[in-house]
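Here are a few notes to get you started. Have a look at the model first, then read on.

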Amino acid sequence: MSMDRRGVSRRNILGAGAVAIGGAMAVPGTAVAGVAADPAGRGNGRTTPEGDLILHNGKIRTFDDRDRTVSSVGVAQGRIVGVGQSLGQLKQLVSRDAKVIDLRGRTVIPGMIEAHVHFVSLAIRPGYHVVIENAGDIAGIQALLSARRRDVPEGRFITAMGGWHPNMFAERRLPNLAELDAAVPDRPVLLFQGFSGPAATNSQGKAVLEAAEVPVVVGADGLIAAGANATAALYNVRRTQTFDDKKRSTLDAMAYAASVGITAVQDQVGFPVIGPPAPGQLLSNFDHYRMYDSWLALHREGRTFIRLQMNFLHNQNDINLPELTQRLNNQFQLFGDDLMMTGGIGEWGAPGDGSGPAWTKAQQLIAQAGWRNTNRALNLAQLEAEIAGYEAVNAEYDITKLRWRIDHVPVVTSELLDRLRALGGAVQCGAYSYVAGNGPAAGAPFRAILDHGIKAGIHLDGVHIAPLNPWYGVYYATTGRNALGNLINDGQQISRDEAVRLYTRENAWFLNMEDKLGTIENGKLGDLVVLDRDYRTVRDEDIKKIKPLLTTVGGQIVYDSGELTRRH
């Protein structure tokens, strides 16, 4: 069957049947001891990774209706089959080949779900990419870059793009040329911040970029100014990227997600363009018809291991909305399997954030088609305009069962939340102010929203302006403090259990997967995270340091630090 120009066919999605990871890979900056894999990289026709597993002798936070904490859980054929039984009883429910792991008192939570992220951007990062959001300081960045150097061919760039901010590093700045040279003297390096820089490079990178097709002005200290200069550097690295490079980056992105406990993402894509990379494009610009090609290829090969749901963003300010119209006429929503499926419309169906004829027409088309819908609100005026727009559409087409939502919501009122809830709507609370927000009320108003009772979730909005690691989001929601340690969201703090519940049980609803994900209950998919410390008892500052020891998707181990599984 030929593929349409979106790169997606019915056969490609239904026939992929991904199960295993096609080989263990190292994640820069993490301790991957091994993953469940088919060494040949072949799928076996199942539609979700299926593993038999018992975890026992731990503190397993189920987040079920009774909010139980139990000591054991069993997974058979990818689904949870026992919660809280004895080891002997669980062994009767799983295969003889089931892996049995003594947790030694460790805490387990459901797989974490990031319901508003631009994950495909991380999955197609150019170069041999390194995630540096957890580095802590320049020495940490140097160690990550140096570790990545081991498998990088001569002349190829090592990159670290988006998801971090100098506020997250002790020195509050980017590394300079000498520091990058000390880490990697014999391969070009490019660090790129945010959407459009600034950037930094080493001596090899400076030489390459200054002589590139689109020359880049690089300072003597290796720094590259934000804007056209930085995006020229980005273009010069992107233009050399092959399809195999994209597949490698996609596997690396999945491995990093697993290493921080994320087992499912709802992708909000980026600012769409058509065609190959061009000078001047931002890190968030990529071809929205081809952006998932590498993920689709890996899915067909049975090598995907993080659950991906793809929303569709449309940015045409044309009252006829030709792209959105064709999407709604020819695409199925929530179509695929448990590892890869389409979602709804979002982060928006047309620009405007609640205003303008194109935005208004888009809401009408989406409602008429019966699709799930996402918009964002960056201030109170946008939130009010969007809710009014939803109400106007609902007068003509019933949207109360479609799960229309509004994301970010740095400010709310009870009256507006009442109106949105009456439409069956929900809010996604942004935690991205952790990176560079200012107080005293940077938002989201977590406490007010949870106390109101409207359906709510949490997101960091990674991987351009904010990190992917969900524990930064938990830290911010519970302390109200940003990366500098300043209190910027006072009075809106929530409990640690509430924050983790948002990232698990509550976020599953936003994927229309609450019957499969988000809690540890019989019949749910076996997505589990074993933590290295108890999030309930650690100091506030140590919340940011929480790491998984083990992450499973459908009972298959997809990240393993080795601490619980190595022979003693």
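Which residue in β14 is the bridge partner of Met112?

1. That partner is Ile262. One thing to keep in mind is that this is a predicted model, where local features need pLDDT of at least 70, side-chain atom pairs count only at pLDDT 80 or more, and totals for chains, interfaces and linings use all residues. Numbering runs from 1 along each chain as its sequence is written, and side-chain values use heavy atoms, with hydrogens and water left out.

2. β8 pairs with β14 (residues 262–267) in the parallel sense, over four bridges. Strands here are DSSP runs (E, at least two residues; helices are H or I, at least four), numbered from the N terminus, and two of them pair if DSSP finds at least two bridges between them.

3. Zoom out and you get an open sheet of four strands with parallel pairing, in the order β8-β14-β17-β18. β8 (112–117) and β18 (340–345) each have a single partner strand, so one side of each is left without a neighbour in the sheet.

4. Now the second largest pocket, with a volume of about 370 Å³. A pocket is an open set of points on a 1 Å grid over the protein atoms alone, where a 1.4 Å probe fits, with protein on both sides within 12 Å along at least five of seven lines; lining residues have an atom within 4 Å of a point. The volume is the space filled by probe spheres set on the points, which are joined across faces, edges and corners.

5. Its lining has 20 residues, with Gln241, Lys246, Gly275, Pro277 and Asp287 nearest the centre. β16 gives the most, three residues.
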